[in-house]
Amino acid sequence: MNDDSLQFKVQNGVAWIGFNRPQSRNAMTWAMYDGLEKYCDQLTEDDTVHAVVLHGVGGEAFVAGTDISQFSGFSKPEDATGYERRIDRVVGKLETLPKPTLALIEGACVGGGAALALVCDFRYATPTMKFGVPIAKTLGNTLSINNVSRMIDMLGVARTKEALMMARLFGAEEAHGAGLVNQLFDAESIYAEVATLAEAFAKRAPLTVKASKALVGRALEQRRLSADASDDWVTTCYMSQDFAAAVDKFVNKTPFEWSGR
């Protein structure tokens, strides 16, 4: 990373990865996705780290999706499918990282942030958390088939449809009740609490931890389709007039109405 938009430190055997663009509610840039992928590769080979914590900097957001301004150059179907493949690759590396991963969630956890949090092994949140993928209100695009599958695995079919079709955001209490969030903490204590939980993995049987994560992953993988199973709808949505108008609204503050084209 050539800037500080992605923080990284190791403390007491725990790697802390911080999304650090609080002025943009930690929206992900291409460089941040690349940096996260790099850290996943690095941590896979680092035997001194026994757990990984992902968190947002600033207290108002975990990650509020991908930075929308980056979509303004999309002009051909390969831009759309290439973007979704890129997200699948980064999210997939986080999902299969052979160490326990913990998402520490404050505030907005939406879009790409929701995808990242979903593949962590454990999620801990403050009462301010808002979780969802409100693209039916914002951009008019779609998730890849793999990320839809991940949402179904964690939320179930009914809540996944609410999240994607109704653009519904889930609050902390409901997410905890649904099993999406493992535990709620107040803002003053969550960092210390999550640090304690992460550091405790140093005392767990390492082969059992790795095996358990790997075998759960194998079971989930059997239910997933090939990456290209959503290319038709990814291309349709990203190449639409609606998507272009929604991006233009974000970048240039121009008005528009959904057209279905």
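In the predicted model, helices α2 and α4 pack at an angle of about 40°, with their axes 10 Å apart; axes are lines fitted to C-alpha atoms over the stretch in contact, and angles run from 0 to 180 degrees between N-to-C directions. Helix α2 is therefore oblique to α4, a class left after roughly parallel (under 35 degrees), roughly antiparallel (over 145) and roughly perpendicular (65 to 115). The contact (heavy atoms within 4.5 Å) involves Ile87, Asp88, Val91, Gly92 and Glu95 of α2 and Asn146, Asn147 and Arg150 of α4. By class, two nonpolar, three polar and three charged residues take part.

Helix α4 spans residues 145–155, and its buried residues (under 20% relative accessible area, 1.4 Å probe, protein chains only) are Ile145, Asn146, Asn147, Ser149, Arg150, Met151 and Leu155. These buried residues pack against α2 (77–96), α3 (112–119), β8 (130–132) and α5 (157–165).

Six strands form an open sheet of mixed pairing in the order β1-β2-β3-β5-β7-β10. Strands β1 (6–11) and β10 (183–184) each have a single partner strand, so one side of each lacks a neighbour in the sheet. Strands β3 (residues 51–56) and β5 (residues 101–105) pair in the parallel sense over four bridges, where pairing requires at least two DSSP bridges. Histidine 55 stands opposite leucine 104 in β5.

Helices (H or I, at least four residues) and strands (E, at least two) are DSSP runs numbered from the N terminus. Residues are numbered from 1 along each chain as its sequence is written. Local features need pLDDT of at least 70, side-chain atom pairs count only at pLDDT 80 or more, and totals for chains, interfaces and linings use all residues, while side-chain values use heavy atoms, with hydrogens and water left out.

Notes
Buried < 20%, exposed > 50% of the residue type's maximum accessible area, 1.4 Å probe, protein only. Nonpolar A, V, L, I, M, F, W, Y, C, P; charged D, E, K, R; others polar.
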